[in-house]
Amino acid sequence: MDAKRVSACMKTLGDPTRLMMMKLLSSADYCVCQFVDMFEMSQPSISQHLKKLKIADYVKEERRGQWRYFSLNASCPEHELIKLILQQISDSDEVLQQLRCRGENATC
């Protein structure tokens, strides 16, 4: 992978919200509405973050009825780099734990 591609990946994941979305997606699929509850952000804001991740090809989108679920795209060229970055975030990270806690109560 060339430096330009690595730099673009780091720029995309440099946003704390997108970074935490990717960390969460590394262990499960999530719906937009779940992210809205977890991050306590508006649906348009969450959708913009997911759009950037989708344009970069880091996530896949799947329609299930009226809902859209997102998962990591294991076939993107940056997948191994992304995994290395996400491994640096401890599962005991306070922000991650708060997000997961809010996610337990999230409903679509």
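**Figure 1. Surface and overall form of the protein chain in a predicted model.** The protein chain exposes about 6,400 Å², of which carbon and sulfur atoms supply 49%. Of its 108 residues, 39% count as buried. The chain contains six helices and three strands, arranged along the sequence as α-α-β-α-α-β-β-α-α. Its radius of gyration is 13 Å, close to the 13 Å that the globule rule gives for 108 residues, so the chain is as compact as a globular protein of that length.

**Figure 2. The largest nonpolar core.** This core has 27 residues, and Met22, Phe35 and Phe39 touch the most other members. Two or more residues come from each of α1 (3-13), α2 (16-25), α3 (32-39), α4 (43-55), β3 (67-72), α5 (79-87) and α6 (94-104). In soluble globular proteins, nonpolar side chains tend to be buried together.

**Figure 3. The surroundings of Met22.** Leaving aside residues up to four places away in sequence, Met22 touches Leu13, Leu53, Tyr58, Val59, Leu72, Ile82 and Leu86.

**Figure 4. The two faces of helix α4.** Helix α4 has 13 residues and reaches 18 Å from its first C-alpha to its last, close to the 18 Å expected at 1.5 Å a residue. Its buried residues are Ile46, His49, Leu50 and Leu53. These residues lie on the same side of α4 because they cover an arc of only 95° around the axis. They pack against α1, α2, α3, β2 (59-64) and β3. The face turned away from this buried side carries the exposed residues Pro44 and Ile55. After α4 comes Asp57, whose phi is positive, near 75°.

Note on methods:
Residues numbered from 1 in each chain as written. Predicted model: local features only at pLDDT ≥ 70, side-chain atom pairs only at ≥ 80, totals over all residues. Heavy atoms only, no water. Core = buried A, V, L, I, M, F, W, Y, C linked by side-chain atoms within 4.5 Å. Buried < 20%, exposed > 50% of the residue type's maximum accessible area, 1.4 Å probe, protein only. Helix = DSSP H or I, 4+ residues; strand = E, 2+ residues; numbered from the N terminus. Contact = heavy atoms within 4.5 Å. Expected span 1.5 Å × (residues − 1). Arc of directions from axis to C-beta. Rg over C-alpha atoms; globule rule 2.2 N^0.38 Å. Areas by Shrake-Rupley, 256 points an atom, 1.4 Å probe, with all protein chains shown as cover.
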